[in-house]
Amino acid sequence: MLQTLSEDIAYIEAQGQGLQVQTANQKLLKKELESLLETCAITSSDLEVLRIAPLDNLRGLEDVENSLVTLFKAMIKMDPTLGGREPKAADATIDSDQIIGLNNDYGQMRIVQEKKEMYHQESADFMRRLIEFMARQFDEAFAETKRALEGALAKKVDPSNHDVGRDLLWKYSPLMLYARDADLGNWNRLIQVYQDKIHPLYKAEFQSVVAIWRKNARKLTGEEAELLFSSHIEKQQEGGVAQTARKLTVKRSQTLARALRSPLADGERKSAGDKSGADSRSMPYVVFAGVLDDLLPLVEMEQNFVIDFFHATTLEQIDFPDAVAAFKPRDRRGGDLKRHRLMEPDRDLARRVTRPMEVIFAFLEAELQRLMEWVIGQDPL
């Protein structure tokens, strides 16, 4: 009797465990079917906003982003590897708002393949529209920056002059993240459009900065030039004459050093006062150092902007839907562009940043070379 009862209890427990497994499987199947239905239910009409909504209007931009989030989630479900991601395992406990891939069997269905092709076509059409629009936005932003620079170039270089143009662009940063993850080819195209359009702006700005520094450079007086070059001339002489010349050069150099180090005194004070305007100018080597101090921070800030705006880094862990939800377009601002960034571990991605920098500042090496030759020509020592 006891044995029969024990067997019945074991049978009931086994049945109960089987029902639990069956229920879990049914819940998982229900979730997968709902995901499949949701993914395939998006029509071309639902995505019409991507074709007609104005991107230069904040409300239109929000509508476009919300529609893109829907499209992006559907595309990720059909292809979890999109954007270089690792596929996420489907789990019945995963919240329905999370992006998970479809079951492989469902992925082979004809309706899924047709929808996948349609979604990619909608995305490609939008990307063409986005590239044309951003080309105009880059023009507008750089025009604003140019106006700010034209009113400030006569003063000390101010990196904040570039913020005027960047403030017009930050609201489109999530769209750059969408382009990176959904259409890498057109993401590269956006960067190319940006680099080609900003190159003339930086070239004109940097050349103006160098010209201003050179204009304010101090020119050597006749006496200083004679003392500085006496060594070179006298070394060409031979024997005792050369030895005497070297001694003379040392004496003259000591005299010059004392004159440069000590305050002007007695009869020299008045004549020096007459040349105070020229003496207050920078020596050529100081000009070179000043140019570097002014320009190199601008180069670093521009590189940081390219990284942040185009999301050209693997150190940033954010998806396109999260980027859209983080801030409304009107509230989007950039971070501290003066902050040094960590080295990008993905060297291929890092190269995608250095390439546009080489284009934007293609003129810089030659410009600094000319400046260096000018400094050496002014003061060989």
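**Close-up views of a helical protein**

**View 1. Phe 310 and the model as a whole.** With a relative accessibility of 0%, Phe 310 counts as buried. Here, buried means under 20% relative accessible area, exposed means over 50%, and partly exposed lies in between (1.4 Å probe, protein chains only). This is a predicted model, so local features need pLDDT of at least 70 and side-chain atom pairs count only at pLDDT 80 or more, while totals for chains, interfaces and linings use all residues. Residues are numbered from 1 along each chain as its sequence is written, and side-chain values use heavy atoms, with hydrogens and water left out. The protein chain has 16 helices and 0 strands; these are DSSP runs numbered from the N terminus (helices: H or I, at least four residues; strands: E, at least two). Of its 381 residues, 38% count as buried. The accessible surface of the chain comes to about 22700 Å², and 53% of that belongs to carbon and sulfur atoms. Such areas come from the Shrake-Rupley method with a 1.4 Å probe, and for residues only the protein chains shown count as cover.

**View 2. Two aromatic pairs.** How many aromatic pairs does a search of the whole structure find? The search finds 19. Phe 138 and Phe 142 form a stacked one, with 6.1 Å centre to centre and 10° between the planes. Rings of Phe, Tyr and Trp (its six-membered ring) pair if their centres lie within 6.5 Å; planes under 30 degrees apart count as stacked, over 60 as edge-to-face, and the rest as tilted. Because Phe 138 and Phe 142 are 4 residues apart in helix 5 (residues 110–150), about one helical turn separates them. Both Phe 138 and Phe 142 are buried. Tyr 194 and Phe 310 make an edge-to-face pair, at 5.5 Å centre to centre with 75° between the planes. This pair links distant parts of the chain: Tyr 194 is in helix 8 (residues 184–215), and Phe 310 is in the loop between helix 13 (284–309) and helix 14 (320–326), 116 residues apart. Tyr 194 has 2% relative accessibility, so Tyr 194 counts as buried.

**View 3. A cluster of rings, and a charge over one of them.** Ring pairs join Phe 138, Phe 142, Trp 170, Tyr 194, Phe 305, Phe 309 and Phe 310 into a cluster. Arg 166 lies over the face of Phe 305, at 5.2 Å from the ring centre. A charge sits over a ring if NZ of Lys or CZ of Arg is within 6 Å of the ring centre and within 35 degrees of the ring normal.

**View 4. The largest nonpolar core.** This core has 78 residues, and Phe 126, Met 134, Tyr 178, Tyr 194, Phe 309 and Phe 310 touch the most other members. Helices that each supply at least two of its residues include helix 3 (58–78), helix 5 and helix 7 (173–182). Which helix gives the largest share of this core? Helix 5 does, with 13 residues. A nonpolar core is a set of buried Ala, Val, Leu, Ile, Met, Phe, Trp, Tyr and Cys residues joined through side-chain atoms within 4.5 Å.

**View 5. Helix 7 and its Tyr 178.** Helix 7 is mostly covered, with 10 of its 10 residues buried. Among the buried residues are Leu 175, Tyr 178 and Arg 180. Leaving aside neighbours within four places in sequence, Tyr 178 is in contact with residues including Leu 68, Phe 72, Met 75, Phe 126 and Phe 320. Contact means heavy atoms within 4.5 Å.

**View 6. Salt bridges.** A search of the whole structure finds 13 salt bridges. A salt bridge is a side-chain nitrogen of Lys or Arg within 4 Å of a carboxyl oxygen of Asp or Glu. Asp 139 bridges to Lys 197, with the closest N and O atoms 3.0 Å apart. This pair links distant parts of the chain, Asp 139 in helix 5 and Lys 197 in helix 8, 58 residues apart. Asp 139 has a relative accessible area of 39%, so Asp 139 is partly exposed. Glu 367 and Arg 370 form another salt bridge, with their closest N and O atoms 2.7 Å apart. About one helical turn separates Glu 367 and Arg 370, because they are 3 residues apart in helix 16. Glu 367 counts as buried at 11% relative accessibility, whereas Arg 370 counts as partly exposed at 44%.
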